[in-house]
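The sequence and structure are shown below.

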Amino acid sequence: MARSSSGFVAGLTAAAVAVVGFLAYQASANVPDTLAKPLAGASRVPTTKAPRDKKNPVALPTASGRGERVVYSVDDDRVWLVAANNRTERTFKVTPGTVDPAVGTYAVTSRSKAVTGSDGAEIEHVVRFAVVDGVAIGFSSAVDGSTGSPDSTKKLGGIRETRKNGTAMWNFATIGVKVVVIR
């Protein structure tokens with residue numbers, strides 16, 4: 001009897017290992033390639049400054065993609081929230097961290113309602129979309145409402161916005177929404 005129960009346990013163990021292996025394969029096969037990296041096959045955004053409307057400098061720059069997206073200009077420190085019909089729902093100034101993302105198209109990969117920022121500030125409405133040299137890049141609002149310049153001696157990826165704009169970003173930029181970084 002001991003012999004048959006040990007065979008049964010060995011069979012169950014082998015089956016469990018096979019199931020875990022299969023589930024691990026499925027999980028790795030379903031992880032988005034876009035996780036914190038520029039989207040593959042996305043329309044290439046020029047590395048030169050995107051053309052601007054000289055009469056309306058806060059207008060959505062041309063060559064900033066199509067469809068629903070967040071557009072972030074690292075040169076102008078400005079964000080546009082763009083609806084699926086390519087109309088700007090909101091635009092506002094931001095205060096960038098000390099580490100900028102590369103020009104390209106990304107996707108929102110994670111969000112946090114409230115955390116402590118890498119600068120020690122209590123922040124809310126964190127919307128992350130990239131990682132540069134181990135530094136997470138994302139939009140956030142300081143709970144105290146501050147948007148001052150970051151400490152230039154630290155590597156900080158937080159792009160600060162006012163609380164009102166942070167709420168708008170939080171409601172707009174859910175997981176998977178495109179983030180287009182332009183010059």
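Helices (H or I, at least four residues) and strands (E, at least two) are DSSP runs, numbered from the N terminus. This is a predicted model, in which local features need pLDDT of at least 70 and side-chain atom pairs count only at pLDDT 80 or more, while totals for chains, interfaces and linings use all residues. Residues are numbered from 1 along each chain as its sequence is written, and side-chain values use heavy atoms, with hydrogens and water left out.

**Salt bridges**

A salt bridge is a side-chain nitrogen of Lys or Arg within 4 Å of a carboxyl oxygen of Asp or Glu. By this rule there are 3 salt bridges, tabulated here.

| Salt bridge | Closest N and O atoms |
|---|---|
| Asp75 and Arg183 | 3.2 Å |
| Arg160 and Asp119 | 3.2 Å |
| Arg163 and Glu124 | 2.7 Å |

Arg163 belongs to helix α2 and Glu124 to strand β6, so this pair ties together parts that are 39 residues apart in sequence. In accessibility terms, buried means under 20% relative accessible area, exposed over 50%, and partly exposed in between (1.4 Å probe, protein chains only). Glu124 is buried at 14%, whereas Arg163 is partly exposed at 37%. Likewise, Arg160 is buried with 11% relative accessible area, and Asp119 is partly exposed at 35%.

Helix α2 spans residues 163-172, and its buried residues are Asn165, Gly166, Ala168, Met169, Trp170 and Phe172. They pack against β1 (69-73), β2 (78-82), β3 (88-93), β5 (110-116), β6 (122-132) and β7 (135-142); contact means heavy atoms within 4.5 Å.

Glu161 is placed in the loop between β8 and α2. Although buried, Glu161 has no salt bridge, and the nearest side chain of opposite charge, Arg90, is 8.2 Å away. Lys and Arg count as positive and Asp and Glu as negative; His and the chain ends are not counted. Leaving aside neighbours within four places in sequence, the contacts of Glu161 include Phe92, His125, Phe139, Gly166 and Met169.

**The largest pocket**

A pocket is an open set of points on a 1 Å grid over the protein atoms alone, where a 1.4 Å probe fits, with protein on both sides within 12 Å along at least five of seven lines; lining residues have an atom within 4 Å of a point. The largest pocket has a volume of about 380 Å³, volume being the space filled by probe spheres set on the points. Of its 27 lining residues, the closest to the centre are Gly117, Ser118, Ile123, Gly158 and Arg160. Strand β7 gives the most to this lining, with 5 residues.
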